[in-house]
Amino acid sequence: MPSSQPFRITLKNGEEVKVNDHVYCSPSWGVRDGTPYSIARIMEFLPAQGTPTFDRDGNRNEPITRVRLAWYYRPSDVSDRTVADCRLLLAAIYSEVCELSQLRAKCYVLHRDRISDLAGWKKRPDRFYFTRLFDPWLRKEFEVIPAVTVRNVPEHIREVLISRYEYIVAEREVVPDLTDDLRLCDTCEKWCPPAETLQCDRCKKFFHMECVNPPMLSKPSRGYGWTCAPCSRAHEEEVEGHEVRHVTPVAPKPKTNAPPARGRGRPRKDRVLAEKEENVEIKHFKMWPFRYFGLYTFAEDTLDPDDLIFPRAATRVGPKYQANVPPAPGVGDRPADIDERGGDATIEVLSLVNEMSPAEVESLEKHKQLLTRNDKLKCSVDWLTEVTFRLTEAWLNKRDFSTVSMRSPMRLQKWKKTETRYTDKDWSAEEIAAFEDAIQVHGAELRAVREEVGTRSMPEVVRFYGHWKNAKLAEENKRIRAARESGIDEKAGSTTREATPDDDDTSIVMEPPRNVSCGACRTRESEAWWKAPKGLPTSVLCDNCGLSWRKYADLNVRPIREENGSKSKTGDKREGTPLNGPQAKRAKTSSSQSTPPPVAPQLRCVACQRNGPIGKVLRCKQCQFRVHATACGVNPDPATIESWICDLCQNEKTLEASLNPDCLLCPRMRRDPKKKLIYPPPDSYLRACKPTEGQAWVHVICSVFIPEITFSDATRLRLVEGVSAIPQYRWQNNCTLCDREDGAVIQCSECPAEFHVSCAWKHGHKFGFEVQPVKHSRRETATTIDWKGNIGQLVPTVICKGHIGHKRQLYDICDTNDLGESCLQVYCRNYKQAPVAQTHGLLRKARRLDKILHANGDLSSAASVDSESTQSSADPHCYRCQTEFSPFFHEVTNTAQGEAKSWLCHKCHAETRKSYPVIIGIGAS
């Protein structure tokens, strides 16, 4: 058995720590990337991985190289809200095993109720406190109260809670019930759990819901009271006798666990009391001082020592969450040609080694070793699984094991029509290099890693990541074994090993530049300079600011003085991380620094407001417009990414289209010609414009979300067509946002509101694409796509920002699939491509004009004669050359056909006409 004397470890700064002490913990500067220290409680000291903590004699195995820590969170780690108190923490029932070298120094963390003088506690260094607990799985905060304050539980349960745990974790609304006096049912005189308790609104007595007559199935709704039967009867007698109603007895004020109010003035400074509070003994049960006792706890479960102590949520069992499935049909109702699930016909047997005889198993293992000479392949899980499957298949078919071969990597699985590989193809050196570079930048975010690799699917990247990580661990274990065999680990066997050999060396700036100043307080004098986190004006911090940032995540950033030397006002104290500093300060810092840019700089797309690497997100060299390449129809060349120019800026040089950038589908903007402003502004997605077939401009977002618009090249969103085909009602209806008539409108998918696309974008309406299912009768004619497992028709959807509770599943315009294509790209390629392979652009325009002329023409003369009506309804053709294709058909009177209406194509009309006056502009009849 281990000795009762506490085991201690000496840190680099000379402090001794033991189990249940609180420490600062952090990896080296390069790994933590400027983040402050984490705060944790030591749960146990551990030897190297794979070594038991104690040997058979009860002695601790050494050397001690690892430690299990119970983490605390800072409020800024779990929420965006600003917390002015940098000493406030959030407890957590969450632990991890870390290297002993990551322990930095000792600190002290107590519950608020354990501190008598909070102001004096916070003035002392390395002191923290907590009042709440954060659960990282439920993403919810809970109240933490001392276990001795819990009184509304049976006595035997209360004794167990007090003897095992120091604190109780519960929801805020449960704390008043737990800290109240013991509540007994007035009928059965047994304890009333809060979830099953009714309180009379007049006599203030408590009852079980099943003890009242008739029993109550549920509590009254919020805002309604309940009275017991005697009180109800007494109230009826008072009403019938016209007696004055007695005053309702007032319940005594419930006792709370809040500390008593202190008088104003200077707090007392009792050093002895403060030291006593630091060394107070905290009870722990199975290394935890907490346990959950809230809404979803059964009181009797706390008696079980193996009961889970973690916070819980409502169970998702019942008709609210599960479907009411009708009973399965009988065996007689089952079709004869459908096999029952779970039988031999519906499963694929992977291995039956357990049913083989010992001689057959020995023969199987012998042939397995003969199938390959590669030792690494013999340890591969994929190879071993496939070998076992093929040998089992041979055994089932009564074939000899020698007939099994592993030369072909392909296999035909059940329920699949084509053969698939049982293992992935070998990765090339270029793919491995791209994968490792992406891991350095993105870490374990494998979706971003897959985009960087580009040639592998997501399942292949996930599988390779597991093999790659195991290979790295194998190399590390090999180095550790080699070091132990050489005797290097014997020097590390002392329990007083130095725990922090790397942080001071990597965090301190050994050779600061000349005229250096602190990035926070702007001082130029300091005994030591520390590396500063990103986002500050300089890359160093003075000794005081460095200590404040590392331990308390607190910096008082002083504003930068103006260049004219004028005395600036003193900036207010700003708590929290300096990464949220003013935008102007970051811009000035980035322009003045001469250090090279980071490995993978990120740009924010103005369309989706998400960051992305350069290449995925493009930035115009001239106007600084930033957008995802897939959201503006650009297929960038990696060699010209830095010099990319948007369409509007490029048109200023080439003059291929109009110099007026106004969108044809939007209302005309009134701009001051004296002010030379960039329009559309580069900080909006409306800067993304494309030329039309008439050399004008339209917004990309307008051309995509108006259904009548098509593209000559949908992959590049070039040459917008169909503006003239937009129906008249879109131009005539007023916009509900700007109340103007000019411009084409669309309708909200949730309400009858109509608005311009650009107005909806400016007002923050929700834009996206919805995959709608297609009826079986329309599947052959409708275009369906497969987007992230949802098969259906992709429909552009715009929803007013007031419709918060809509049930539609929308995909953002920049959302990408496994192939790296955005949702906008897939929609335009499938639904917005004009039929360029069948007709010429001029002919398509002529046909659209024909539809407009037929819709607006006078058909009264055609209705008078049946033959004319039949002829006008058919496609016109030239009576001279019999062609049906022409930019314009001219109506002529053919005397040979008895004054019947005939048509003449434009070519024949030009050949047969005499001298006509030249009319400049759109043709007149």
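These questions and answers walk through a predicted model of the protein.

Q: How many helices and strands does the protein have?
A: The chain holds 925 residues, and buried residues make up 38% of them. Its secondary structure comes to 25 helices and 32 strands.

Q: What share of the contacts with a separation of 6 or more links residues 24 or more positions apart?
A: Take the contacts in the protein with a separation of 6 or more. Residues 24 or more positions apart account for a share of 56%.

Q: Is helix 11 roughly parallel or roughly perpendicular to helix 13?
A: Helix 11 spans residues 429-442 and helix 13 spans residues 458-485. Their axes are 12 Å apart, and the packing angle is about 80 degrees. Angles of 65 to 115 degrees count as roughly perpendicular. Helix 11 is therefore, relative to helix 13, roughly perpendicular.

Q: How many residues in the contact of helix 11 with helix 13 are charged?
A: Helix 11 contributes Ile 432, Phe 435, Glu 436 and Ile 439. Helix 13 contributes Val 461, Phe 464, Tyr 465, Trp 468 and Lys 472. Seven of these residues are nonpolar and none is polar, while the number charged is two.

Q: Which elements are included in what covers the buried residues of helix 21?
A: In helix 21 (residues 823-831), the buried residues are Cys 823, Leu 824, Val 826, Tyr 827 and Cys 828. Their cover includes helix 18, strand 23, strand 27, strand 28, strand 29 and strand 30.

Q: Is Asn 152 buried or exposed?
A: Asn 152 sits in the loop between strand 9 and helix 4. Beyond its sequence neighbours within four places, Asn 152 contacts residues including Leu 178, Leu 182, Trp 191 and Pro 194. Its relative accessible area is 1%, and the cut-off for buried is under 20%. So Asn 152 is buried.

Q: Which residue has its backbone oxygen 3.0 Å from a polar atom of the Asn 152 side chain?
A: The contacts of Asn 152 include Asp 177, Asp 180 and Asp 181. The backbone oxygen at 3.0 Å from the side chain belongs to Asp 177.

Q: How far apart in space are Lys 766 and Thr 797, C-alpha to C-alpha?
A: Lys 766 lies in strand 27 and is partly exposed, at 37% relative accessible area. Setting aside residues up to four places away, Lys 766 touches Thr 797, Val 798, Ile 799, Leu 810 and Asp 812. Lys 766 and Thr 797 are 31 residues apart in sequence, but their C-alpha distance is 8.1 Å.

Q: What is omega for the cis peptide bond that joins Asn 213 and Pro 214?
A: Most peptide bonds are trans. The bond from Glu 62 to Pro 63 is cis, with omega near 10 degrees. Pro 214 is in the loop between strand 12 and helix 6. For the cis bond that joins Asn 213 and Pro 214, omega is about 0 degrees.

Q: Is Lys 398 buried or exposed?
A: Lys 398 lies in the loop between helix 10 and strand 13. Its phi is positive, about 60 degrees, although it is not a glycine. Relative accessibility is 76%, and over 50% counts as exposed. Lys 398 is therefore exposed.

Q: What is the relative accessibility of Glu 189?
A: Glu 189 is in the loop between helix 5 and strand 11. Its phi is positive, near 60 degrees. Glu 189 counts as exposed, with a relative accessibility of 62%.

Technical notes: Residues numbered from 1 in each chain as written. Predicted model: local features only at pLDDT ≥ 70, side-chain atom pairs only at ≥ 80, totals over all residues. Heavy atoms only, no water. Axes fitted to C-alpha atoms, helices over the stretch in contact; angles between N-to-C directions. Helix = DSSP H or I, 4+ residues; strand = E, 2+ residues; numbered from the N terminus. Parallel < 35°, antiparallel > 145°, perpendicular 65-115°, else oblique. Contact = heavy atoms within 4.5 Å. Nonpolar A, V, L, I, M, F, W, Y, C, P; charged D, E, K, R; others polar. Buried < 20%, exposed > 50% of the residue type's maximum accessible area, 1.4 Å probe, protein only. Polar contact = N/O pair within 3.5 Å; in protein donor to acceptor, adjacent residues only side chain to side chain.
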